[in-house]
Amino acid sequence: MEVNEPASQHELEIKKLNREIKRLKKDNELLRIANNQAMNTQAYIQRDNYRQMFYNNQLLKTYPHLLILTDDQLQTVMTSDVFFDHNRTFSKDEIERGVPLRDALSGILAERDLNHFMVMCQAAMVGRAVEPYILRNIVGGSKTDWQITIRRMHMEGRVTGLNIVFVDMTMMVDALDRAEAADKAKGAFLANMSHEIRTPMNSIAGMSELIIRDSNDDMARQQAMMIKSASKSLLAIINDILDYSKIESGKIELRAEDVRTASIISDILMMIKIRLKDDSVELNSDIDSNLPSVIHVDEVRLKQIMVNLMGNAVKFTEKGYIKLGMHMDKATDGSDHLHIYIEDTGMGIKKEDLKDIFSSFTRIDTKRNRAVEGTGLGLAISKELVELMGGTISVESEYGKGTTFFVDIPCPVTDPTPVGDISVSIGEVREEVFVPTYKIPGVNILVVDDNEMNLTVVSGILAPYEANVTCATSGEEAISKFAKERYDLIFMDHMMPVMDGKETMFKIRGMQGGENVKIVVVTANAINGVDEAYMDMGFDDYLSKPIDPACLDGMLKKHLDPDWIVEKGGQKSPGDIHDTDVRIANSYDEIKETYEEETNMGQSNEEVKLIDKAVGLRYCMGKEDFYKNVLNIFAESNECSSLKEMYDKEDWEQYHTIIHAVKGTALTIGATALSEKAKGLNQAAKDGDIAYIKEHHDEFMEDYVKVLELIKKGEI
């Protein structure tokens with residue numbers, strides 16, 4: 001037994017070793033498995049890192065804006081690839097290793113803008129809120145508008161740097177600038193149109209008022225009242241079209257009242273007849289004899305719609321006819337509806353252009369309509385007004401054959417009595433003549449205007465008041481007269497050359513007695529808010545052209561001492577104030593017929609074609625001496641050499657200025673064909689259509705020279 005004990009002990013040790021070997025093998029297997037898992041995890045992490053790096057790189061490559069990430073020392077960490085489109089000084093590796101932010105942007109931002117930007121970055125780093133801002137940056141003559149956003153980055157509660165984004169807003173800012181410029185241009189255009197249109201309207205309304213008041217001829221008075229009625233309606237329309245704020249905001253109020261249909265039709269046909277150039281276009285009407293006598297509608301708006309549509313027909317119809325049709329019927333709900341159609345045989349509208357016909361500031365087929373002037377607002381305003389009145393408007397057209405506009409407006413009938421034969425009703429005038437009820441003898445009034453016609457109108461209106469009226473044709477002359485004489489009231493035109501009304505007013509205010517004299521500005525600028533603007537300038541009041549006698553009457557009472565006003569009864573006898581040989585005719589056709597023999601006597605067909613004396617006399621109130629003076633002025637202001645010089649130099653801006661002036665003066669002397677050719681060149685210069693100018697310039701110059709030679713012969 002003793003001999004076997006060592007062997008048994010040895011076996012036990014072997015067993016223990018075997019068990020330990022098994023345990024070690026098991027542990028080794030576990031370690032192998034753990035190692036494999038670790039290697040798999042590491043591979044996954046590595047693949048995820050690669051994937052994240054790929055995504056980051058793709059993000060930086062495709063990010064559309066300039067992105068810069070910095071550390072807390074304002075050293076670059078990374079940037080989007082857009083950065084390298086603007087600054088090629090640093091490589092991507094250099095940026096990732098770290099470049100001072102100021103250095104990185106030194107080629108992108110101008111020095112002054114860079115300094116401001118760094119201040120913003122420092123502020124953001126210390127926790128101050130930095131709102132995104134727009135920077136108009138110019139480097140090396142190149143402009144870029146940046147929207148800059150600066151934000152802090154955090155990690156585990158610590159500020160690690162900045163996230164900076166530059167968004168290129170150049171196109172958007174430029175578009176905004178263009179929109180603002182267009183907005184300003186439109187405002188300037190409306191203000192200028194107000195002045196240009198209302199100035200001649202002043203003469204029309206003023207002269208018709210004088211004829212109504214002073215003429216003993218009943219026919220002349222009746223016709224003058226028709227002129228005044230038409231001009232008053234036209235002025236109301238002009239005021240609304242030129243009311244910039246209303247056009248922009250659409251805040252147009254309707255004021256419906258009972259109006260006579262015959263009067264509306266009469267006024268419209270009268271205005272359109274005047275605008276027709278010659279006998280090649282007939283003005284027809286198709287008025288239902290059962291049309292009610294009185295309807296309840298906004299008369300001004302209805303006339304505005306009709307004038308816009310018929311005026312459009314006049315522009316684009318060279319031969320044939322223009323027809324106004326009207327009838328009334330009831331809708332299915334029993335309401336009364338006024339139906340209007342305006343038909344013409346003009347050039348028509350292309351099918352593809354019909355969709356834009358009612359768009360604002362849109363002119364169709366401009367190449368063909370080069371000589372047709374207009375703003376492109378008329379049809380747009382008409383559509384807006386028709387829809388505001390609860391109606392509809394539509395158009396049918398065949399290109400080259402003509403156009404018809406249809407208008408349907410809800411319109412209650414007040415008096416259903418049929419209007420009957422409209423030709424009998426047309427010509428009735430509802431206008432009452434304004435009669436002054438007081439005199440102001442001894443009152444000294446100074447009227448300042450560079451336009452002789454305006455001086456004549458204002459002086460004529462003031463004549464019945466028996467005041468002492470003095471006229472001045474310039475600011476300098478007004479100052480000279482004020483230095484020698486005391487005036488109780490001054491009517492001052494605003495738009496005068498050299499020294500305008502505002503400057504003249506300031507200088508008079510600085511003279512002895514000038515601080516107390518009442519100065520009323522007279523202007524054709526009728527834009528909203530202009531009255532307050534003139535008051536702020538220092539004027540005492542504002543009088544709009546054309547001058548309404550009743551408004552002028554109220555102005556006198558408002559600003560003169562009541563003790564100076566002497567009440568009177570009745571009206572000053574006609575004929576003792578205004579001396580004129582103007583004969584008022586029913587239409588331009590009658591004027592032309594009246595003057596045909598005596599004015600064109602001795603003129604050849606070629607001469608009549610160049611200068612129609614009847615037209616010239618029409619613009620010169622029928623006065624031969626006045627007309628001859630205008631002819632001489634036209635000849636003396638010969639612009640041939642100036643036009644040739646501007647044409648040769650291709651200075652189209654100055655060319656436009658000169659040709660624009662010739663266009664108007666040519667029409668004034670009756671050179672209608674020359675005026676039409678100038679109109680086309682004027683529009684071409686305005687649009688930058690140089691090809692059109694070069695094609696038609698020589699033809700225009702040839703006619704211009706012929707007209708000047710005809711005037712020099714002195715046989716017109």
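Reader: Where does helix 15 lie, and at what angle does helix 15 run to strand 17?
Author: Helix 15 (residues 501-509) lies across strand 17 and strand 18 (518-523). Helix 15 runs at about 150 degrees to strand 17. Angles run from 0 to 180 degrees between N-to-C directions, with axes as lines fitted to C-alpha atoms, for helices over the stretch in contact. Helices (H or I, at least four residues) and strands (E, at least two) are DSSP runs, numbered from the N terminus. This is a predicted model: local features need pLDDT of at least 70, side-chain atom pairs count only at pLDDT 80 or more, and totals for chains, interfaces and linings use all residues. Residues are numbered from 1 along each chain as its sequence is written, and side-chain values use heavy atoms, with hydrogens and water left out.

Reader: What does helix 17 touch on the sheet?
Author: Helix 17 (residues 549-559) packs on strand 15, strand 17, strand 18 and strand 19. Its direction makes about 165 degrees with that of strand 19. Contact means heavy atoms within 4.5 Å.

Reader: What is the strand order of the open sheet?
Author: Two strands pair if DSSP finds at least two bridges between them. Here, 5 strands run in the order 16-15-17-18-19, with parallel pairing. Strand 16 (468-472) and strand 19 (541-544) are the edges, each pairing on one side only. On average, neighbouring strands are turned by 20 degrees against each other, direction ignored.

Reader: How many bridges join strand 15 and strand 17?
Author: Strand 15 (residues 444-448) and strand 17 (residues 489-493) pair over 4 bridges, in the parallel sense. Leu446 has Ile490 of strand 17 as its bridge partner.

Reader: Which residues of helix 5 are buried?
Author: Buried means under 20% relative accessible area, exposed over 50%, partly exposed in between (1.4 Å probe, protein chains only). In helix 5 (residues 111-125), the buried set includes Leu114, Phe117, Met118 and Cys121. The buried residues of helix 5 pack against helix 4 (101-104), strand 3 (133-139), strand 4 (142-155) and strand 5 (158-168). Just after helix 5, Gly127 takes a positive phi of about 100 degrees.

Reader: At what angle do helix 10 and helix 11 cross?
Author: The axes of helix 10 (residues 299-316) and helix 11 (residues 378-388) cross at roughly 145 degrees and come within 9 Å. Among the contact residues are Ile305 and Leu309 of helix 10, and Ile381 and Leu385 of helix 11.

Reader: How many helices and strands does the protein chain have?
Author: The protein chain has 25 helices and 20 strands. Of its 716 residues, 43% count as buried.

Methods:
The expected span of a helix is 1.5 Å times one less than its number of residues.
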